[in-house]
Amino acid sequence: MDAWVGHEVPSLPGTPPALRLYDSARRDVFPSEPADAATMYVCGITPYDATHLGHAATMITFDLVQRLWRDAGRSVTYVQNVTDIDDPLLERATRDGEDWIVLAMRETALFREDMEALRIIPPAHYVGAVESIPDIAAHVRELLAADAAYTLPDGTGDVYFKVAAAPSFGYESHLSRDEMRRLSAERGGDPDRDGKLDPLDPLLWRGARDGEPAWDGGDLGPGRPGWHIECATIALGLLGSTIDVQGGGNDLLYPHHECSAAHAETLTGSRPFARHFVHAGMIGLDGEKMSKSKGNLVFVSRLRGDGVDPMALRLGLLSGHYRSDREWTDDVLKTGQERLARWRTAASATAGPSGAGLLAAVREALTNDLDAPAALALVDAWAEAAVIGAGDDPSAPALIAQTVDALLGVRL
Ligand code: 5CA
Ligand code: ZN
């Protein structure tokens, strides 16, 4: 499907240090050393409700990764999916008496608009689950043929992956089996279903049910895809067997990313599926994770409609470190708005402290596991000096505006 429209990204003088990122599997920060063309797959929305600030925060996180790779002269192939068929989408459509396709298309269109307003660089490939079904079904058949999957003997046609076929299962999330079981029940899995070989085995293909949409699965019979195989298939098809970054929120670490890596690795025989498994913290509201199922949402489109500058939202979301779970409050928004106004005033000053010095410091902060709060503090200090007439670099205000645009995605 179509992605959204991008904006020109200014190129900056000089060379940045190598990007270092935290990898959930190795549990530490390691350099990301992609070939000339870096590859990234990020788990996108399930379009049954509008984009909220949690989605925006995760998309901004991976937008920074792309910006830093580009700043280092790499081309980037970025793929994002849309889970445009899955249980929550069908449940919401049924609840509201709406056609699930219309719901998915409307919310996906709104997401594109929000991403454009937030100046997120669009993915090279924006791919829906539905359009990927033939490839997904082929992978499920391949896993069955390799004895890494089985059909449940209850006549439903449901096919499960054998976690026993992935000897390294668990290497990404490092959880105990009890914890995996608990999270799998909470996040779309069915550990207590009868007939499974292992309670942790995830669904690959759901046989057709009355009243549910179904697609031709060849030998699998009609049905629809499981969730984890969707992302494994889309990533493998467009990015090959080893990607530089697999990203998403930390709510996806288990079971989604652990299982999609296990599927991909079993299909290709190559491990790890991603050199860095990168997870963004959860944005919460009133002490709870912002989520469609809980309904405690602040929508990007609602704030935009209220006249909030998307650049202030971006600054608000960047004011906490991407890996920390953090709260969205009125104060976070107000601070973002005030910061944006201060930076805009400073960028129109006639001179300021050294622009090249600030660019180097901002690059240092951001390549250090995306330390955006440190980068914001550096620009704050520069802006404070520039507005009181300190510093005599006449090229600094323009360079700072370009730096903030190219690296933080904030247009002044
Ligand atoms: N379609 C699947 C991924 S394949 C999905 O999780 N969709 S989602 O709509 O629930 O979330 C979209 C993206 O936003 C995911 O990367 C998810 O991890 C992230 N996300 C969801 N809620 C939050 C939140 N409260 N804070 C930060 N990120 C979030
Ligand atoms: Zn995914």
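## Briefing: an enclosed helix, a ligand shell and salt bridges

Helix 9 (residues 310-318) is largely enclosed by the rest of the structure, because nine of its nine residues are buried, where buried means under 20% relative accessible area, exposed over 50% and partly exposed in between, with a 1.4 Å probe and protein chains only. Helices (H or I, at least four residues) and strands (E, at least two) are DSSP runs, numbered from the N terminus. This is a predicted model, in which local features need pLDDT of at least 70 and side-chain atom pairs count only at pLDDT 80 or more, while totals for chains, interfaces and linings use all residues. Residues are numbered from 1 along each chain as its sequence is written, chains are lettered from A and ligands numbered from 1 in the order in which they are written, and side-chain values use heavy atoms, with hydrogens and water left out.

**Helix 9**

- The buried residues of helix 9 are Pro-310, Met-311, Ala-312, Leu-313, Arg-314, Leu-315, Gly-316, Leu-317 and Leu-318.
- At the start of this helix, the backbone nitrogen of Met-311 has a side-chain oxygen of Asp-309 within 2.8 Å, which is a polar contact, that is, a pair of N or O atoms within 3.5 Å; within protein, one must be able to donate a hydrogen and the other to accept it, and residues adjacent in sequence count only if both atoms are side-chain atoms.

**Ligand 1 and its shell**

- Around ligand 1 there are 23 residues, of which Gly-44, Thr-58, Thr-83, Asp-251 and Lys-292 come nearest; a residue is near a molecule or strand if one of its heavy atoms lies within 4 Å of it.
- Nitrogen atoms of ligand 1 take part in several contacts: one lies 2.8 Å from a backbone N or O atom of Gly-44, one is 2.7 Å from an N or O atom in the side chain of Thr-58, and one lies 2.7 Å from a polar side-chain atom of Thr-83.
- On its own, ligand 1 has 590 Å² of accessible area, and the protein covers 95% of that; accessible areas come from the Shrake-Rupley method with a 1.4 Å probe, and for residues only the protein chains shown count as cover.
- Two or more residues of the shell come from each of helix 1 (53-71), helix 6 (227-239) and strand 10 (243-249), and helix 1 gives the most, with three residues.
- By class, the shell divides into eight nonpolar, 12 polar and three charged residues, with Ala, Val, Leu, Ile, Met, Phe, Trp, Tyr, Cys and Pro counted as nonpolar, Asp, Glu, Lys and Arg as charged, and the others, Gly among them, as polar.

**Salt bridges**

- The structure holds 31 salt bridges, each being a side-chain nitrogen of Lys or Arg within 4 Å of a carboxyl oxygen of Asp or Glu.
- Arg-92 and Asp-49 form one of them, at 3.2 Å from N to O; the pair links distant parts of the chain, with Arg-92 in helix 2 (residues 87-95) and Asp-49 in the loop between strand 3 (37-42) and helix 1, 43 residues apart.
- Both partners of that pair count as buried, Arg-92 at 14% relative accessibility and Asp-49 at 16%.
- Arg-363 and Asp-71 form another, their closest N and O atoms being 2.7 Å apart; since Arg-363 lies in helix 11 (residues 355-367) and Asp-71 in helix 1, the pair ties together parts that are 292 residues apart in sequence.
- Arg-363 is buried, with a relative accessible area of 4%, and Asp-71 counts as buried at 15% relative accessibility.
- Asp-158 and Arg-209 meet in a salt bridge of 2.8 Å, N to O; Asp-158 lies in the loop between strand 6 (149-151) and strand 7 (159-161) and Arg-209 in the loop between strand 8 (203-207) and strand 9, so the pair ties together parts that are 51 residues apart in sequence.
- Here Asp-158 counts as buried at 0% relative accessibility, whereas Arg-209 counts as partly exposed at 24%.
- Asp-87, Arg-206, Glu-212 and Arg-224 are joined into one network by salt bridges that share partners.

**Two buried arginines**

- Arg-224, in strand 9 (residues 223-225), is buried with a relative accessible area of 3%, and its side chain makes a polar contact of 2.8 Å with the side chain of Asp-87.
- Arg-326, in strand 14 (residues 326-327), is buried yet has no salt bridge, the nearest side chain of opposite charge, Asp-325, being 6.7 Å away; Lys and Arg count as positive and Asp and Glu as negative, while His and the chain ends are not counted.
- A polar atom of the Arg-326 side chain does, however, lie 3.2 Å from the backbone oxygen of His-321.
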